[in-house]
Amino acid sequence: MSDTSHGTGGLTYDKSKRTWPSEMNVFLALVIIVVIFEILGQVLPYMNDQSFLFDTRGRFDSIFNEARLKIIILQVAIIGIIALGVTQVIITAGIDLSSGPLVAATAMIAMSFGQTELVNGFPNPKALFGTWAMDLPVLIPVVIGISFGALIGAINGTFIAYFRIPPFIATLGMFLVCRGIALWWSSGNPISFPTEQYAAIGAGMMPVVWFLALAVIFHVIMRYTVYGKHTYAIGSNEEAARMSGINVKRHKIMVYMIASMLAAFAGVVLSSKASTAQAGMGEFYELFAIAMAVIGGISLTGGRGSIIGTVLGAMVIGVIRSGFTYIKLDGSYQLMAMGAIIIAAVILDQYRQRSKA
Amino acid sequence: MSDEFVLKTEDLTKHYGGVHALEGANFELKKGEHVAIMGDNGAGKSTFVRQITGVEQRTRGKISLYGEEVEFGGPLDAREAGIETVFQTLALADDLDVPDNLFLGREMTYWNWLGPFRFLDYKGMRQATIDGLNKTAVKIPNIRNTIRNMSGGQRQCVAIARTATFHSRLTIMDEPTAALGVQETAQVENIVRQLKEQGEPLILVSHNMRQVFDLVDRIVVFRRGRICANLDIKSGDYTGEDVVSYITGAKTGEEYMEHAL
């Protein structure tokens, strides 16, 4: 009995009938891309039989080239943190363009409260405030930074939910406002020399730890909590969500706040990792975050997508970046290839949706 | 005193500016009764439904549910009072599966101290969904399917199953089979029969004469914003042709003569 269209089937909860999750496609794409780079490494004449993935020179204890794997994920970890929030926004059928400049603004603001008073025994040359803001416990700059993100997110959400400004426009405005705040905060001067504690937030592999920990937390939230279910419901059919008694406006504000708080935290991690905060930081981060979500199988019309997909999408971007460096191709080719892959991802997804219907 | 009535409206009236869409409707629905509302387009059927489900605010008149006068600020109030409505445009979220849709906005949860991040009781909702579907004899091959992947009939069934799962006190269906094929229509009609057996009161808005004669106890005919006939079709005194002449205005029920045009 293969056709169970009307009335012929019983009531079932059949795990085997669950559809092939779209995350599997992203995972397959990731594997294919890795294999392509591995093959190119063997085939290209100037590569001297190098391996993309494996440790052929015995530098590590494992069979994998650990250094490359670490770099792949480290490169995408900070934008990945932003992408976790952007994913939630896009699932509600919205978009958040303000995250890149928000990263810069938060980096400036947070680090100005995370500076150390003495650098090698001399007063901090990049000090923005007086000594009262120096050597504060690390929690203070982090809380200030994330609170700033929450404020920006609340403003985004309020304009979108209550004033019915299209998300694209509202967050585009906030994009410019945040870049302006980043420049205004220290009159364009970089802020440097953080406290040891502040520098530890993003040191070494810490960005990856934050990214993966937050990914797990938000995967659980989106999949198993009321917040997640309502987020999908709003993106799927906003009218139905309202009719079902969901407070759609309040929920949207919450989603934008969480997204901006994640972007703000990414700003803290980035400034810590770089040991400096500059107004020009985070350029194009919002677009790469959206790209990660899109490659991860999210639908810009809302209702579909997952945190797992976005993490895999982030890995795809990381592998491509690393792979192009590996086969010694210029960064300009990287951008072109990434653009093509984003478009291909959307086309494949649409094709998949149509063939399923 | 009027406890035997599930729903009672007195002088229910709705004016849209100068248009008198509904005028002085006195309507009664007894416990366990299935009543069809018929009438031409623009006769006031949908307006009537919109007033009692709280989608619109009436101009004047009284609505009582189980003897208690009610005042609905919106569709949610009506729903909380136990009126479940299957609208023509189904309020379903396409990307969610059947239990998710059934429980949307009133999920079973645990660890409620987590506020908006409280956890969903998927297992409980799945079981309640299966119970609700069994109660209405709805057959859906796999409740884990998203609504997007379902046929029109299955979607309609999900929308109807919501009413059964939540022990509604009154079910209203606004042309539930208008967009469905033969087989799917039969499926929906089976659900209606099931509701009848269980003594669940129902108001059915329909254009389909055969369906109405098959399913309901009584037909209330609307014409030009007024009720013009109240026909007990189980008595066997009326034929489809009679109903048509009431709908078109060739006949008017005796008790409604004073307003006959």
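Student: Is helix 1 of chain B buried or exposed, and why?

Tutor: A residue is buried if 20 or more other C-beta atoms, placed from the backbone, lie within 10 Å of its own; it is exposed if 12 or fewer do, and partly exposed in between. Helices are DSSP runs of H or I with at least four residues, strands are E runs of at least two, and both are numbered from the N terminus. In helix 1 (residues 45-52) of chain B, eight of the eight residues are buried, so this helix is largely enclosed by the rest of the structure. Among them are Lys45(B), Phe48(B), Arg50(B) and Ile52(B). Just after helix 1 of chain B, Gly54(B) has a positive phi of about 80°.

Student: What kind of model is this, and how are its parts numbered?

Tutor: This is a predicted model, in which local features need pLDDT of at least 70 and side-chain atom pairs count only at pLDDT 80 or more, while totals for chains, interfaces and linings use all residues. Residues are numbered from 1 along each chain as its sequence is written, and chains are lettered from A and ligands numbered from 1 in the order in which they are written.

Student: What is the strand order of the six-stranded sheet in chain B?

Tutor: Two strands pair if DSSP finds at least two bridges between them. Here the sheet is open, with the order 6-9-10-3-11-12 and mixed pairing. Strand 6 (83-86) and strand 12 (226-232) of chain B are the edges, each pairing on one side only. Look at strand 11 (residues 218-223) of chain B: six bridges join this strand to strand 12 of chain B in the antiparallel sense. There, Arg223(B) stands opposite Arg226(B).

Student: Which residues of helix 2 of chain A meet helix 11 of chain A?

Tutor: Two residues are in contact if their C-beta atoms, placed from the backbone, lie within 7 Å. On helix 2 of chain A, the residues include Ile79(A), Gly80(A) and Val86(A), and on helix 11 of chain A they include Phe288(A) and Met292(A). For classes, Ala, Val, Leu, Ile, Met, Phe, Trp, Tyr, Cys and Pro count as nonpolar, Asp, Glu, Lys and Arg as charged, and the others, Gly among them, as polar. This helix contact has eleven nonpolar, two polar and no charged residues.

Student: How many residues does each chain bring to the contact between chains A and B?

Tutor: Chain B brings 35 residues and chain A brings 33 residues. On the side of chain B that touches chain A, helix 4 of chain B gives the largest share, four residues. That side divides into 16 nonpolar, nine polar and ten charged residues.
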